[in-house]
Amino acid sequence: MRTVDPARHLARRNQILASAATAFADRGYDNTTVKDLCAAAGVGSGTLFHYFADKRAVFHALLEEDRDTTIADLRQIIDPDPATRLWLVVERLNADLKDPAAGQFMLAILGQAMVDPQIAEILGPVDKVAEEILRKCVAELIAADQVSGWEPSAAATWIRSIVDGTYLRCAEDGFDAVGEAAIQRQVISRMLGLETPE
């Protein structure tokens, strides 16, 4: 019986996912075929199907990997200052905007979210964790008299909505992730009555 090298197995799986992300961003979900995924990864269909049941499973795995990484990163944000923590959460939520393929990949996600209810199930935990952390930050800022006029859950939802709205625009021509992040900080600062971080 042949043994499987776990490191090599994981490396091949990651290679397939990385190339699939590019293929889906370049062609969209519907226009990307299994043949395209195999060509992009430099593997045969047998190898692809050894790791994933079908094209949708590859797409889901990409989203799950990003979800898990984002949640892990968010949970590592532990700065004692609630304002600093809030801005670090926003910064982490914005991290994917810097990827030039983000806009096209976002279009692929949005297209599939309309027909595949699992997309919301996969991505929902990121929203839940982000809102939980943001809610705690706002509650601490209210307790410290740095923010007023907001209920913490409502403020957290609005902050996340502002970030999500930026992702909806990231496929536009001339989108500037750095400039948009600066505008986000201004909007959130004004909304909460906080100083805008540099």
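Predicted model: local features only at pLDDT ≥ 70, side-chain atom pairs only at ≥ 80, totals over all residues.
User: How many helices and strands does the chain have?

Analyst: Helices (H or I, at least four residues) and strands (E, at least two) are DSSP runs, numbered from the N terminus. Here the chain has 9 helices and 0 strands, and its C-alpha atoms fill a box of roughly 65 × 40 × 30 Å along the principal axes.

User: How do I read the packing of two helices, and what is the angle between α4 and α7?

Analyst: Two packed helices are described by the angle between their axes and the distance between the axes. Axes are lines fitted to C-alpha atoms, for helices over the stretch in contact, and angles run from 0 to 180 degrees between N-to-C directions. For α4 and α7 the angle is about 10° and the axes are 10 Å apart, and the two helices are therefore roughly parallel (angles under 35 degrees count as roughly parallel, over 145 as roughly antiparallel, 65 to 115 as roughly perpendicular and the rest as oblique). Contact means heavy atoms within 4.5 Å, and among the residues that make it are Phe 59, Leu 63 and Ile 71 of α4 and Ile 122, Val 126 and Val 129 of α7.

User: What classes of residue make up that contact of α4 with α7?

Analyst: Ala, Val, Leu, Ile, Met, Phe, Trp, Tyr, Cys and Pro count as nonpolar, Asp, Glu, Lys and Arg as charged, and the others, Gly among them, as polar. The contact of α4 with α7 divides into 12 nonpolar, 3 polar and 3 charged residues.

User: At what angle do α4 and α5 pack?

Analyst: Helix α4 (residues 55–75) and helix α5 (residues 82–94) pack at about 165°, with their axes 10 Å apart, and are therefore roughly antiparallel. Their contact is made by Thr 69, Thr 70, Asp 73 and Leu 74 of α4 and Val 89, Arg 92 and Leu 93 of α5, which divide into 3 nonpolar, 2 polar and 2 charged.

User: How are α8 and α9 arranged?

Analyst: The axes of α8 and helix α9 (residues 177–192) come within 11 Å and cross at roughly 160°, which makes α8 roughly antiparallel to α9. Residues that meet include Trp 158, Ile 162 and Arg 169 in α8 and Glu 180, Val 187 and Leu 192 in α9, and by class this contact has 9 nonpolar, 2 polar and 2 charged residues.

User: What is the volume of the largest pocket, and which residues lie nearest its centre?

Analyst: On a 1 Å grid over the protein atoms alone, a pocket is an open set of points where a 1.4 Å probe fits, with protein on both sides within 12 Å along at least five of seven lines, and lining residues have an atom within 4 Å of a point. Grid points are joined across faces, edges and corners, and a volume is the space filled by probe spheres set on the points. The largest pocket has a volume of about 930 Å³ and is lined by 33 residues, of which Asp 66, Asp 96, Met 106, Ile 109 and Tyr 167 lie nearest its centre. The largest share of the lining, 7 residues, comes from α4, and the lining divides into 20 nonpolar, 4 polar and 9 charged residues.

Conventions: Residues numbered from 1 in each chain as written. Heavy atoms only, no water.
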